[in-house]
Amino acid sequence: LIVAPLLYVTDLTQSDQYGCVHWQPEEPPFGGNDETLEEQRKQMLQLHSYEGMTGADREEVCKLMEVTYYHQRQDINAVSHSSLCSLKSSWPYLFCLKVFSTHFQLLTDITLLTGIMEGFQAKGKRILKFFEEKPTNNEVCAIVLKSGQESSLVSCILLLLMAHFKEKFESLFLEADVAATAADIQRTAALPDSPRLIIQGDKMNPEKWMQSMEGKLVLGSSSDTFFEGLAALFAIYYTLNLEYQEGAASTMEFIQ
């Protein structure tokens, strides 16, 4: 059942220029059709009704989400673009980091988590050293002074880039208490329409992260490493055909 991207016939569109090599496959995967893909989608919905998001860990679900990639792209790319709510209703298992990452890989031929990690390992310390030696403004200086051995390299670089480009922290991130649950944040925080990475704990060394979009949490409480939160952010932009919000575009384009 595992579908490799090479099994898809792709239609080159303007989106392909931005790294999306399988933005909308022309045909279903070999041996499939619209009816079988819809039946597989309903099969996952039934499983979700019994097991909720824990079902995303099943190998069966991972395979089905790969097989139905063509159908997912149809729904995402529809001219009358589906709302987030209806997309989550149709494809609930899309909204977890594991499946988002797989979808991103099918979309771009890039392994998301590996790409983010290798990029920061190869270039992160060089960027940090540049700002330490040549701070570009007072806010950059303040972040450099606060950073230390306990700081997360990923979050430190993101904060430095936002300060350098004079973009506001809240245009990309929100802060929350480390003990806050997803329900707490949904109830008390003013979540904007554009995607936000919610940092729990010290913003120089976050302990947890969540992801919001259209005023709703789309990825819940997670204690995974912070670079996985950044990977989730990119996955949402690419998977759902979203433009970077103006207030954070320079930082996101630099990381991209």
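How many salt bridges does the structure hold? The structure holds five. This is a predicted model. Three of the pairs are described below, including two within helices, along with a network of shared partners.

**Helix α2**
- K63 and E59 pair through their side chains in a salt bridge, with N to O at 3.1 Å.
- Both residues lie in helix α2, which covers residues 59-67.
- They are four residues apart there, so about one helical turn separates K63 from E59.
- K63 is partly exposed, at 25% relative accessibility.
- E59 is exposed, with a relative accessible area of 55%.

**Helix α9**
- D184 and R187 form a salt bridge between their side chains, at 3.3 Å from N to O.
- Helix α9, residues 182-188, contains both partners.
- Because D184 and R187 are three residues apart in this helix, about one helical turn lies between them.
- D184 has 25% relative accessibility and counts as partly exposed.
- R187 reaches 60% relative accessibility and counts as exposed.
- Elsewhere, salt bridges with shared partners link E51, R58 and E60 into one network.

**The R58–E60 pair**
- Within that network, the side chains of R58 and E60 meet in a salt bridge, N to O at 3.6 Å.
- R58 is partly exposed, at 35% relative accessibility.
- E60 is partly exposed too, with a relative accessible area of 35%.

Conventions. Residues are numbered from 1 along each chain as its sequence is written. This is a predicted model: local features need pLDDT of at least 70, side-chain atom pairs count only at pLDDT 80 or more; totals for chains, interfaces and linings use all residues. Side-chain values use heavy atoms; hydrogens and water are left out. A salt bridge is a side-chain nitrogen of Lys or Arg within 4 Å of a carboxyl oxygen of Asp or Glu. Buried means under 20% relative accessible area, exposed over 50%, partly exposed in between (1.4 Å probe, protein chains only).
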